[in-house]
Structures are given as C-alpha cells and as structure tokens.
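Please look over the sheet in this predicted model. The report below goes through its strands and their pairing.

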Amino acid sequence: MGATLHVSRRDHVMLLEIADPATRNALGGDKFFRSIEEAIRIANDDMDIRVVIVTGQGEAFSSGGNVREMHGRKGMFGGTPEQIAEQYRTGIQRIPMAFWKLDVPAIAAVNGAAIGAGCDLACMCDIRIASERAVFAESFVKVGIVAGDGGSWLLPRAIGHSRAAEMAFTGDTIDAATAREIGLVSRVVPHDELMTAAFELAGRIAANPPHALRWNKRLLRESQIARLDTVLEMAAAYQALAHRTEDHTEAVTALLEKRRPVFKGR
C-alpha cells in the first residue's frame, strides 16, 4: 500500500505528515509519490503558501525503504536489474526531483528516526530541526546497497564530504546532539516542543515577502551547482524584479515608518 501523506495548512504554512505506523513511515508506493508531487505543485502555484514543513506521524520521521519488501524482493525491489533501476527512476527518485523543484523554503521537523531514505528526505529540506529523540543514519551500506534516492548528492552538501563519507561508509546511527554538532540539523529541541518550534520558525520565514523568499530559495539552490558568474547574473535579474514589487516598496516604507509591513505577494 505504501505510506500516506497528510497535507494541511495553517496561515501561510503547508504541513506534510508522513503516516504509515506499520513500517515507521517507510517511503514507498505510487500513491505516496504522487501525493508528494501534487503537494509541491500546489505550494509552487499558490503564492499564499510561503513555507513547507515535513514531519512524520508517530515515533519516527521515516525509516526509509521498506525492509520487508526488500527482503521479499517486492515492489521496487523486485524484478531484473534493469527493472529495479527503472523502478527507482519512476518511484522513489520522484521525491528528490519534486523537492528540487519546490520554490518555497522547506523545514524538516525530525520527530524521531530518520534512517536511510528518511535521512535523505530530511536533507531535501532547506532547514532541519530535530527532537531530542531523533536519530539519523545513512545506513544503505548496512543492507548492502547504495543511496538510490540521491543521498550521495544531498548529504555532502548538508554536512561536507568527510562527515558524509563517514556516515555513508559506516552506516552508523547518530543521535540528535551529534547531528547538531556536525551541522546536519540547526537545532535540537525537547520532543514535545518540536512542532511548536517548527511553526514558530516557519512563521518568522513566512513574515517576509513571498516573491523574495522564492527568489532567495532559487538562488541558494542554483548556487549548489552553478558558477559564481552565473549566480551573480541570476541575482541581478531577480534583484531587478524585486525592486519593482509592491512588497519591496511596502517593506522599505514600513521600515522608515517603524511599523510592521503587510505583504500581499505583489
């Protein structure tokens, strides 16, 4: 059946909750992949959505791949080598591609175990905050496989090559405090305060002009792969657009008038 994605909205924030308690929120199933793609399409098309939060229901953020299906060679783990490769391309790899196209800032609120593809899912987000109960592992090597969902690209960009290599080559599990120490998460909070902290952070982000948020997100994303001169040219183009938005005028006016700005996405 695969996981279910619960989508809800609060003010300018879209909340995505992974739900499959039987597998501790394993990632799988065409319905789940389509739900991710649809939620991101909606977020991109709706200027009223300024932040996305991703979390898991229950005790886990995501356990990654379904190990029972892996053992039974079912789902995307079954078939010939050629079929397995195609099932990855048309299956779980749709998640990193969808998040790569997400125009609004994304926060991973890691409430528990983020293992394998679950760890990589957290890395697909721009910001990661963790419950004190969270643990992380790039554990593919422990089951004799590689990160088929882009982890070898995502993790080094989050924590640097040396630390990413150590996690990938050992498959070891690290706790939330270690994740904060190596920069995998930006903060650790008491478990019961995780979602409050996530929404508080999302609110501070969402208080800013929506076009400026999206343009800043695009610049940060492209800066991971583009040359400096290319990014500078993009920045000049976005800056030209930003200077002619109503929200820019409102921001400067409110600053001079010492009042809270009201942004309308125009």
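The model is predicted. Six strands form an open sheet with mixed pairing, in the order β1-β2-β3-β5-β7-β10. The edges are held by β1 (4-10) and β10 (187-189). Each has a single partner strand, so one side of each lacks a neighbour in the sheet. On average, neighbouring strands are turned by 20° against each other, direction ignored.

Strands β1 and β2 run antiparallel and are joined by seven bridges. Here arginine 10 stands opposite valine 13 in β2. Helix α1 packs on the sheet and touches β1, β2 and β3. The direction of α1 makes about 20° with that of β1.

## Strand β3

Strand β3 spans residues 51-56. Six of its six residues are buried, so β3 is largely enclosed by the rest of the structure. Val51, Ile53 and Thr55 point one way from β3. Val52, Val54 and Gly56 point the other way. Both sets are buried.

## Partners of β3

Strand β2 (residues 13-19) runs parallel to β3, with six bridges between them. Glutamate 17 has threonine 55 of β3 as its bridge partner. Between β2 and β3 the chain passes through helix α1 (residues 30-45). This β-α-β crossover is right-handed.

Strand β5 (residues 106-110) also runs parallel to β3. Three bridges join the two.

Conventions: Residues numbered from 1 in each chain as written. Predicted model: local features only at pLDDT ≥ 70, side-chain atom pairs only at ≥ 80, totals over all residues. Heavy atoms only, no water. Buried < 20%, exposed > 50% of the residue type's maximum accessible area, 1.4 Å probe, protein only. Helix = DSSP H or I, 4+ residues; strand = E, 2+ residues; numbered from the N terminus. Pairing = 2+ DSSP bridges. Right-handed = clockwise from strand over helix to strand, strands pointing away. Axes fitted to C-alpha atoms, helices over the stretch in contact; angles between N-to-C directions. Contact = heavy atoms within 4.5 Å.
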